[in-house]
Amino acid sequence: MGILSDFEDRVASGIEGLFAGAFRSPVQPVELATALGKAMDDGRAVGVGRVYAPLAYTVALSRDDNDKLSAFESTLAGELVTYLADHAREQNYELSGRPSVSFTVHSDLRLGRFRVSAALASPAAAPVPTPHASAYPPVNPADAHPATGTGDLATVTLEGVEHDVALRGDQVVVGRLSDCQIPLTDTNASRRHAAFMRLEDGWAIEDLGSTNGTRLNGSPVTRARLHDGDVVEVGLSRLVFHEPPRG
């Protein structure tokens with residue numbers, strides 16, 4: 001019940017907080033989350049040494065329910081996506097991308113009734129994009145530490161980039177915009193998704209109000225102090241933080 005409780009808490013502080021008094025549909029978010037989790041379980045496919053989970057989910061509603069939910073449909077979809085990603089992680093399912101949740105209207109459904117469906121692959125789904133290494137200049141040789149070549153700089157390891165990326169300045173922004181210090185081609189990342197923030201004694205990661213959120217070692221995070229080896233997830237991209245070498 002852990003991730004379902006977390007989902008309820010996020011909905012209570014998010015949807016109900018933003019749209020207090022407007023959530024009048026008999027279809028409740030926790031019912032949708034439970035049904036989508038079951039659809040993921042039912043739709044899983046067993047591969048060689050792995051269990052693959054569906055990526056594309058559709059929630060069919062009555063016209064009346066859809067009208068009542070339309071004001072915060074995108075917010076609810078985002079929370080349901082987070083729940084499904086958490087459910088897949090808890091069940092050790094393999095995901096080839098971030099799940100998607102869409103809403104549709106079925107005329108045969110009455111108020112308070114809904115149906116969910118799941119597809120193993122989404123037409124829009126694609127592998128995690130590989131960034132261009134040229135966008136990330138290597139550590140300046142003048143800064144290099146004789147043993148590691150990384151100098152006294154904190155760095156991050158980013159999939160698809162051959163060398164570690166040095167963290168310089170007081171803030172290093174990660175996102176889809178080309179002027180971010182760490183630009184991503186990951187469509188699941190926001191334009192300015194998160195930032196590495198320099199502290200007096202190290203670095204922290206801070207979410208910049210992204211659509212899909214930022215995770216630290218698998219858990220959602222708003223701002224947190226980083227330690228050597230921490231894994232930051234931005235969209236489908238994973239960045240491993242490394243403290244400067246000591247000695």
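Q: What makes strand β6 and strand β16 an antiparallel pair?
A: In this predicted model, strand β6 (residues 155-158) and strand β16 (residues 237-242) are joined by four bridges in the antiparallel sense. Two strands count as paired if at least two bridges are found between them, so the four bridges of β6 and β16 meet the criterion. One of the contributing positions is T157, whose bridge partner in β16 is V240.

Q: Which sheet holds these strands, and what makes β7 and β13 its edge strands?
A: The sheet is open and has six strands, ordered β7-β6-β16-β15-β12-β13, with antiparallel pairing. β7 (165-166) and β13 (219-221) each pair on one side only, and are the edge strands.

Q: Why does N217 count as partly exposed?
A: Exposed requires over 50% relative accessible area and buried under 20%; N217 has 46% relative accessibility, so N217 counts as partly exposed. N217 is found in the loop between β12 (214-216) and β13. Its phi is positive, about 55°, although N217 is not a glycine.

Q: Why does N92 count as exposed?
A: N92 has 65% relative accessibility, and the cut-off for exposed is over 50%, so N92 counts as exposed. N92 lies in the loop between α5 and β4. N92 also has a positive phi of about 60° although it is not a glycine. Most residues other than glycine have a negative phi.

Q: What is the order of the three-stranded sheet, and how is its pairing described?
A: The order is β4-β3-β5 in an open sheet, and the pairing is mixed. β4 and β5 (114-119) are the edge strands, since each pairs on one side only. Neighbouring strands in this sheet are turned by 20° against each other on average, direction ignored.

Q: How do you know that β3 and β4 pair, and in which sense?
A: Six bridges link β3 and β4 in the parallel sense; at least two are needed, and therefore the two strands count as paired. Within this pair, A60 stands opposite T104 in β4.

Q: Which helices lie against this sheet, and at what angles?
A: α3 lies across β3, β4 and β5, and runs at about 35° to β5. α5 packs on the sheet by touching β3 and β4, and its direction makes about 135° with that of β4.

Q: Which residues touch the most other members of the largest nonpolar core?
A: They are L80, V101 and F103, in a core of 25 residues. The elements giving two or more residues to this core are α1 (2-13), α3 (29-43), β3 (56-61), α5 (73-91) and β4 (100-105). α5 gives the most, with seven residues.

Q: What does F103 touch beyond four places in sequence?
A: F103 touches L32, V59, L61, N66, E73, L76, A77 and L80. A second, separate core has 23 residues, including A154, V165, L184 and A189.

Q: Where does pLDDT stay under 50?
A: It stays under 50 over residues 122-130, for which the model has 11 contacts beyond four places in sequence. Residues 137-150 also stay under 50, with 25 such contacts in the model. Where pLDDT is low, the predicted coordinates should not be read in detail. The protein chain averages a pLDDT of 79, and 78% of the residues score at least 70.

Conventions: Residues numbered from 1 in each chain as written. Predicted model: local features only at pLDDT ≥ 70, side-chain atom pairs only at ≥ 80, totals over all residues. Heavy atoms only, no water. Core = buried A, V, L, I, M, F, W, Y, C linked by side-chain atoms within 4.5 Å. Buried < 20%, exposed > 50% of the residue type's maximum accessible area, 1.4 Å probe, protein only. Contact = heavy atoms within 4.5 Å. pLDDT = per-residue confidence, 0-100. Axes fitted to C-alpha atoms, helices over the stretch in contact; angles between N-to-C directions.
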